[in-house]
Each structure stands twice: as structure tokens, then as C-alpha cells.
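Hi,

Here is the structure I promised to pass on.

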Amino acid sequence: MNEHKGSRFAHITKAHPCFNEKVHDKVGRAHVPIAPKCNIFCNFCTRDINNEEDRPGVASCVMNPDDAITHINNVTADGPISVVGVAGPGDSLANEETFEFFEKLAEKHPDLIKCMSTNGLLLPKYADKLAELGVNSVTVTINAVDPDIAVDIYSFIKYEGKVYKGYEAVKILIKNQLDGVEKAAANGMIVKVNSVLIPGLNDEHIVDIAKEVKKRGASLMNILPLIPLAKLKNYPRPDCSMMEKVRDEVEEIIPVFRACTQCRADAFGIPGKKSEDHHLGMTPQSHY
């Protein structure tokens with residue numbers, strides 16, 4: 001189901017460890033931490049620079065595009081890397097370096113699958129440009145499509161030179177996320193939607209997200225457990241039974257990826273294999 005057999009995306013999902021569970025522990029990916037700036041504030045997010053935490057929003061350094069290319073040269077020489085992605089530690093589309101990196105990556109490594117993650121606020125603006133740069137897949141994190149729920153998940157957004165808060169902020173964000181999914185899919189990119197499951201807040205709403213993003217052209221969803229941090233530090237992490245229940249409900253609507261390891265923004269190697277799933281500052285290939 002998660003390989004999308006017979007679809008126009010089969011050549012990508014067949015080799016992408018974050019889209020195909022059958023190759024998740026067999027082929028590698030590399031995340032480059034070149035995008036430190038973010039344009040929204042998620043109430044569960046704590047971005048940091050360290051070598052200890054294994055979670056999104058964390059990296060041991062921030063690279064410039066040239067250093068990131070050198071890093072990719074090193075890791076591809078050392079092991080089977082099929083995918084290179086920009087995953088933060090901020091939002092990919094809020095950083096000009098993302099576009100410079102993908103342009104250089106297309107020149108140096110044209111055969112690698114290019115992917116990126118985003119909160120979606122700027123995706124309608126940049127979907128055409130990403131397609132021109134040869135980006136194959138986009139992961140959009142959408143945690144609510146109902147403003148009444150979203151208002152408790154996000155504190156503010158920065159959009160077109162202005163800070164928006166409350167309902168005004170989440171209405172802009174939700175519209176742009178859904179429009180961005182639609183535009184990215186129309187540009188030929190495979191779109192995966194990540195949703196963070198927050199017990200007592202959006203656990204009964206994930207199915208509504210699935211229905212909406214499926215209509216907009218998303219091909220896959222990934223349900224992630226909340227890591228209780230920041231303003232949501234007092235919320236519980238969902239247990240296995242809740243995760244399975246929501247995933248099963250969503251899978252009746254859209255394929256669900258179940259093998260995500262919630263990688264760091266600078267992780268590389270084969271997901272889930274600790275001996276090979278390195279991050280910068282802890283591996284001999286790195287010059288950081």
C-alpha cells in the first residue's frame with residue numbers, strides 16, 4: 001500500500017526510506033541542517049543545537065550550502081544514500097539557503113532524490129520554484145485544519161513581514177498549507193503530510209486532516225507521537241493503542257507510513273540503525 005504501485009510516484013517511493021517501509025532499514029538518507037530560521041511558533045517545538053537529542057528541530061550545527069554539498073560528497077562516498085533532504089532545524093522555505101543548496105545538489109548529484117519538509121506557510125509561493133529545482137517530494141506538517149483546534153497548537157506566524165496571532169494566524173496557515181499541498185502535487189511532487197498526535201487536543205481530528213489533504217493531492221500520511229515540550233510539556237505522549245487506533249482510521253482514507261523514527265535535522269545513514277544513523281559531530285566523515 002505504501003509503495004503506491006502503478007502510480008507516477010513509484011520510482012521515487014521505491015527508493016525513499018521515508019516513504020516506503022520495505023526499504024526503510026535498507027537504504028539511507030541524509031538531512032542537511034541549512035535552514036535555521038522558522039516563520040511559525042508551534043507550541044510543542046523547542047529548536048536546539050546539540051549532539052544529545054534525537055528528535056526533529058535539533059542539529060549539532062548549521063551549514064552553509066557549500067559545506068552541505070561537501071558533506072553529501074562524503075556521505076555518499078561512504079554508504080548507500082538515495083535521498084537528500086532539507087529538514088530544518090527551522091523551516092526549509094523560510095531560508096534562502098535551501099534553494100541555493102538544491103540548485104547545487106542538482107549539479108553535483110543529479111541522481112539523488114531531493115526532498116524537503118516544511119510547515120507549509122510559504123509552500124504556495126514556492127511550489128513552482130521547487131519543481132524547477134527538481135525537488136521530488138515534499139513533507140508538509142499539518143496538525144489541524146480546524147482553526148478552533150489549531151489556535152491551541154500555534155502561538156503565532158510571521159508572514160509577509162507581519163506577525164499574526166490567534167485565529168488570524170491559524171486561518172492563514174491552514175489555507176496556505178492546503179493550497180500548498182495542492183500546488184505541490186499539481187507540480188508533480190509526491191506530497192506526504194505529517195501530523196503530530198496530541199492527546200486531548202487533536203487526536204480525534206487527524207481523520208479530518210486526512211480527508212482534506214487527500215482531496216488536495218497528498219499521497220501519504222505519517223502520524224507522529226507528541227514529544228511533550230515547550231508550551232505542551234504537560235500534555236501526555238500518546239500511547240501505542242492511541243497511535244494504532246488513529247493510524248488505522250487514517251489508513252481507511254490514505255496510505256499511512258508507520259516506520260518514522262522522528263529524525264534530527266542533521267541525521268544521515270539508514271533510519272533506525274543506531275550504528276549507522278549518524279548526525280554531524282559524531283562521525284568521522286564530518287568536518288564539524
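Of the contacts in the protein with a separation of 6 or more, 72% are between residues 24 or more positions apart (contact means heavy atoms within 4.5 Å). Buried residues make up 56% of the 288 residues; buried is under 20% relative accessible area, exposed over 50%, and partly exposed in between, with a 1.4 Å probe and protein chains only. The protein has 8 helices and 14 strands, where helices (H or I, at least four residues) and strands (E, at least two) are DSSP runs numbered from the N terminus.

Before the details, some housekeeping. This is a predicted model, in which local features need pLDDT of at least 70 and side-chain atom pairs count only at pLDDT 80 or more, while totals for chains, interfaces and linings use all residues. Residues are numbered from 1 along each chain as its sequence is written, and side-chain values use heavy atoms, with hydrogens and water left out.

Let's start with helix H2, residues 65–78. H2 has 14 residues and reaches 20 Å from its first C-alpha to its last, close to the 20 Å expected at 1.5 Å a residue (the expected span is 1.5 Å times one less than the number of residues). Its buried residues are Pro 65, Ala 68, Ile 69, His 71, Ile 72 and Val 75. They cover an arc of only 160° around the axis, which puts them on the same side of H2; the arc is that of the directions from the helix axis to the C-beta atoms. Remember that an α-helix has 3.6 residues a turn, so residues three or four places apart point the same way. The face turned away from the buried side of H2 carries Ala 77 and Asp 78, both exposed. At the N-terminal end, Asn 64 caps H2, with a side-chain oxygen 3.1 Å from the backbone nitrogen of Asp 66. That is a polar contact, meaning a pair of N or O atoms within 3.5 Å; within protein, one must be able to donate a hydrogen and the other to accept it, and residues adjacent in sequence count only if both atoms are side-chain atoms.

Next, helix H3 (residues 96–108). With 13 residues, H3 reaches 19 Å from its first C-alpha to its last, close to the 18 Å expected. Thr 98, Phe 99, Phe 101, Phe 102 and Leu 105 are its buried residues. They cover an arc of only 160° around the axis, which puts them on the same side of H3. Glu 107 and Lys 108 are exposed on the other side of H3. What covers those buried residues? The cover includes strand S1 (28–32), H2, strand S5 (81–86), strand S6 (113–118) and helix H4 (123–132).

S1 itself is mostly covered, with 5 of its 5 residues buried. Gly 28, Ala 30 and Val 32 are on one side, Arg 29 and His 31 on the other. S1 pairs with S5 in the parallel sense over 5 bridges, and the bridge partner of Val 32 in S5 is Val 86. Two strands count as paired if DSSP finds at least two bridges between them.

In H4, the buried residues are Leu 123, Pro 124, Tyr 126, Ala 127 and Leu 130. Seen down the axis of H4, they fall within an arc of 155°, so they line one face of the helix. Lys 125 and Glu 132 are exposed on the other side. The cover over the buried residues of H4 includes H3, S6, strand S7 (137–141) and H6. After H4 comes Gly 134, whose phi is positive, near 85°.

There is also an open sheet of 3 strands, in the order S2-S8-S9, with antiparallel pairing. S2 (40–42) and S9 (162–165) stand at the edges, each with a single partner strand, so one side of each is left without a neighbour in the sheet. S8 (residues 154–159) is joined to S9 by 4 bridges, and Phe 156 has Lys 165 as its bridge partner in S9. Helix H6 (residues 166–186) lies across S2, S8 and S9, running at about 65° to S8. Axes here are lines fitted to C-alpha atoms, for helices over the stretch in contact, and angles run from 0 to 180 degrees between N-to-C directions.

Finally, Ala 210 sits in helix H7 (residues 206–216) and is buried, with a relative accessible area of 0%. Leaving aside neighbours within four places in sequence, Ala 210 is in contact with Met 221, Val 250, Ile 253 and Ile 254.

Cheers
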